[in-house]
Amino acid sequence: MAYTITDKCVSCGTCEGECPVSAISQGDTQFNIDADACIDCGTCASVCPTDAIIA
Ligand code: SF4
Ligand code: SF4
């Protein structure tokens, strides 16, 4: 079960640089997590200012 970025994302980019496996990338309307690459560490969720990332 990978982490997911919801529509509360404001595309600040903070999470992208914190992911240890570079699973986060910028999409057309928000940032996205590659579910196959995510190792469920939770770091992105802890740094997101809008609590847009859920487990
Ligand atoms: S939970 Fe960890 S591995 Fe998964 S996207 Fe967030 S920072 Fe990356
Ligand atoms: S830290 Fe949160 S608001 Fe910022 S790009 Fe990541 S998911 Fe979106």
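Reader: How many helices and strands are there in the protein, and in what order do the elements run from the N terminus?

Author: Helices (H or I, at least four residues) and strands (E, at least two) are taken as DSSP runs, numbered from the N terminus. Here the protein has two helices and four strands, and the order from the N terminus is β-α-β-β-α-β. This is a predicted model, in which local features need pLDDT of at least 70 and side-chain atom pairs count only at pLDDT 80 or more, while totals for chains, interfaces and linings use all residues. Residues are numbered from 1 along each chain as its sequence is written, chains are lettered from A and ligands numbered from 1 in the order in which they are written, and side-chain values use heavy atoms, with hydrogens and water left out.

Reader: Which residues have the most contacts inside the largest nonpolar core?

Author: In soluble globular proteins, nonpolar side chains tend to be buried together. A nonpolar core is a set of buried Ala, Val, Leu, Ile, Met, Phe, Trp, Tyr and Cys residues joined through side-chain atoms within 4.5 Å, where buried means under 20% relative accessible area with a 1.4 Å probe, protein chains only. The largest such core has 15 residues, and Tyr 3, Ile 5, Cys 15, Ile 24, Ile 33, Cys 44 and Ile 53 have the most contacts inside it.

Reader: Which residues come nearest to ligand 1?

Author: A residue is near a molecule if one of its heavy atoms lies within 4 Å of it. Of the 13 residues around ligand 1, Cys 19, Cys 38, Cys 41, Gly 42 and Cys 44 come nearest.

Definitions and conventions: Buried < 20%, exposed > 50% of the residue type's maximum accessible area, 1.4 Å probe, protein only.
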